[in-house]
Structures are given as structure tokens and as C-alpha cells.
Amino acid sequence: MRVVEIIERKRDGAELTTAEIEYFIRGYTAGEIPDYQAAALCMAIYFRGMTPRETTDLTLAMAHSGATLDLHDIAPFIVDKHSSGGVGDKTTLVVGPIVAACGLPVGKMSGRGLAFSGGTLDKLESIPGFQADLTIEQFRKQLQEVGLVVAGQTHELAPADGKLYALRDVTGTVPAIPLIASSIMAKKIAAGADAIVLDVKVGSGAFIKTLEEAERLAQLMVEIGTRSGRRMTAIISDMSQPLGRAVGNALEVIEAIETLHGGGPEDFREHALTVAAEMLAMRRDAVDESHKERRRAKEALRNGAAWEKFREFVAAQGGDVAAVEDPRRLPRAAYIAPLTADTAGYVQAIDAAMIGIAVVDLGGGREKKGDPIDPAVGVIMHARIGDRVEAGQPLCEIHANDDARLAQAEARLRRAFTIGPEPVEPPPLIHRILRARPRES
Ligand code: URA
């Protein structure tokens, strides 16, 4: 088999065979197929797409490119969640502790920032000392002892995704449904959870821009999961503006801490409770138990159990607990500058991806593979879609460590807000929830 022929066939719109897909993944993981050929194939997939059969083959080839975990000696039932990526999405930081505090172990492999969307690991690493790179043994031990672990992709689990994820980030090939579906589901299948809640984001701050595409992505991942014997729920949630107010690594950790203390922005708290309730409901056989589980999730926030679990988890991964107890000790930016509205009117639209890119401009994300990031910088949103604003009123607040970067981010952020005379309805938080259980074989 020749890789160039596989690339050409996909370029010309052919359906790849299982053998071709497996050959490519095996060769790329082993370092025998270079990045430039893998990038060409990703671009061909971006333009030509893949059938559900090809996407399933790609997922399974990636899931089996390394070890797969079996965690049943630790707990009889393990639940996992994954977001398709969005701006200000710090959901794991709140949902993980809630679910673990309710007695359901959460062992999660998370990613770093991808294009304009932040990464859970980058956020957690803004806590001094926090270690995201764990071995499988450390992962298992913490899951057993704490019931909550969030780690980076090891070279042992789904290594093909680790390589492809970083390559897609810098080659403009992130927003392709087959590539997103296989990337997420390969990690989830390799990590051994029995049940998976997918948070499929749609809107200006997501990789998927239309509800129709989000439904396609959600259905595809649910189908791949149930075929692999997993209980699956996909929440299609809105990302036409950042989730919560904070965008930027340490700022998002602070917002998550406020939420774990029972405060935080309402949209973020509501979203976190929805995801947590769906995760907790997965234990039951009945498909819809989520309304009861929502009450338990709320109680874990109210009685401090989720906060205690967060502290325990941060300590277990080497993070400085004093810094999360007193978030003023987390990294802080030197300058805080408001961005004000030029005219009065209603906020009609927010380009959330533009806000994510402004945070990258500030140094809070990567422009190329391996760039260091500044944990302190970011944006705090003041205005949301549907709000009435007056001229001179702050739309957001910019946290920067550098004058030139601040000016660049400010220019970009100004273009992210559309203000007009007509009132608009705020978008719903959740568009749809799909629940499916594995077919009997
Ligand atoms: N999250 C992933 O893990 N992979 C993607 O491709 C997008 C979001």
C-alpha cells in the first residue's frame, strides 16, 4: 500500500477501505508516515468528508493505536465526559468534582487548547504545581483514591490522536466532523469509561457552526459509542457567546472556584448542572433520570462536597491548594483595561471565536505547536447577547501583560460585538439532548 495513493483517493472523493485507514494510522503512529502526508490526508478529509463507516474505522484504529484501559478493578461503573470545544468552556473543572462528590468516579483524559478554544489542561496548569502528565499507573491510583483524575493524553493511550490533534491544530483541519468525532471517541474508548456524556458545542465559538452539523456530529459519536458497548448521551449546547464570563486560563479557574462555592455566572452554573445530572443519570437503567440527579448535583454544590473534592483532586495532582483557597495567589495580569461600547443599542451577536483568538493574541493560547502560554491573561465578558448597552458602557475587560498585545487584542475584540437598535432574544443554553444505550448483541 502507498500513502500517496490513499491521499489521492480521498482527494478525489473515494471511500477509503478499512485496511487503508488502519495502514495510515499504524504508519503515522509509528513515525513512518511523515506529518506532511498526514496533513495532506486531513485536508482531503476536511474537503471530502468520510462516510459513517470510514469514521468508525478511523476511530477504532486510533483507539487501538496504543493501550486501552480497563478500570473495572477500580470501580464497577466509570463515567466520562468530553466537550467538542468552545470558548470559556471550563465545565470539567466544576462537573468533575460534583459527579465525583456524588460517588461516581470520573477518570478523564483532557486536551490542551485547540485553535481558538481553550484546553482544560492549560487551565488546570495555571494552578502552581499542577501536574497533568500522569502515567497510567498514577491515573489508576488517583481514580481509586480520590475518585477524580484529569490527565493529559499519555503516549500510551490513543497516541495516534495525540499526534493528529496537534497536527490539525496548526494545519487548519480542526473543524471536520469525521476528524472531531474520531478524535473524541478514540480517546473515550481507549480510556475505558462505561458511559460517556458528550457536550457538543454549536455556534460562533465552536468548531461546528450550525445546529444541523452539530446534530450530525452528535449522532455519529453516539452511534460509534453504542456500537462499542458504551452508554451515550450527547448534549447539544449553545456556543454563540462564551460560556460564563471568564475566557483565559487562570481567569477560568477562578470562575470555576466561584461556581464550586455556589456563585459564578448563572449560565455556566446551569450548564454545569445539566452535564453533571446527565453523567449521574448514566448509572441508572432508565434513560431519563436526570431531573432527580440534578437535585443531587445542586446539593453537592450547596453543601461544599464538590468544593472539597476539587481541593482533594488539586492536591493529588501536585497543585498548590493555598492558591485555589485564595485565588488572588493564582497568576494575575499586569494590566486590566475595559473595552467600552461605541454606541448604544442591543448586543445582537458576539463572535466568540474572535474572543478566543484575542486571548491567543494576548498570549493565553498557542500559535504553533509547543508555544508557551501566559496563564494570567484573558477576557472577562460583561455584555451578553440580548443585553441593552449604553455608549461608554464596558462590553468586556481585557487582562494583559504586554502593551502591544493588549492593543492587538483590543482591536480584535471590538469587532467581536455586533450592537444594533433591535432587541434580540438571548439564545437557549441547551438545544437538544440525545440519549442512547448500547444495542444488545
Ligand atoms: N476535542 C477533541 O478531543 N478533539 C477534537 O477534534 C475537537 C475537540
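Colleague: How many nonpolar, polar and charged residues are in the lining of the second largest cavity?

Modeller: Seven nonpolar, ten polar and three charged. Ala, Val, Leu, Ile, Met, Phe, Trp, Tyr, Cys and Pro count as nonpolar, Asp, Glu, Lys and Arg as charged, and the others, Gly included, as polar. Bear in mind that this is a predicted model, where local features need pLDDT of at least 70 and side-chain atom pairs pLDDT 80 or more, while totals for chains, interfaces and linings use all residues. Numbering runs from 1 along each chain as its sequence is written, and side-chain values use heavy atoms, leaving out hydrogens and water.

Colleague: Where does that cavity lie, and how big is its volume?

Modeller: A cavity is a set of points, on a 1 Å grid over the protein atoms alone, where a 1.4 Å probe fits but cannot get out; lining residues have an atom within 4 Å of a point. Here the volume is about 170 Å³. Of the 20 lining residues, Phe116, Ser117, Gly118, Gly364 and Gly365 lie nearest its centre.

Colleague: Which residues surround the ligand itself?

Modeller: Look for residues with a heavy atom within 4 Å of the molecule. Here they are His82, Ser83, Ser84, Leu114, Tyr165, Arg168, Ile180, Ser183, Ile184 and Lys187. By class, that shell has four nonpolar, four polar and two charged residues. Again α9 provides the largest share, four residues.

Colleague: Which side chains have polar atoms by the ligand's oxygen atoms?

Modeller: The cut-off for a polar contact is a pair of N or O atoms within 3.5 Å. A polar side-chain atom of His82 is 2.9 Å from a ligand oxygen. For Arg168, a side-chain N or O atom is 2.8 Å from a ligand oxygen, and for Lys187 a polar side-chain atom lies 2.6 Å from one. Together with this, the protein covers 97% of the 240 Å² of accessible area (Shrake-Rupley, 1.4 Å probe) that the ligand has on its own.

How values were computed. Polar contact = N/O pair within 3.5 Å; in protein donor to acceptor, adjacent residues only side chain to side chain. Helix = DSSP H or I, 4+ residues; strand = E, 2+ residues; numbered from the N terminus. 1 Å grid on protein atoms, 1.4 Å probe; cavity = no way out; pocket = protein on both sides within 12 Å on 5 of 7 lines; lining within 4 Å. Points joined across faces, edges and corners; volume = space filled by probe spheres on them.
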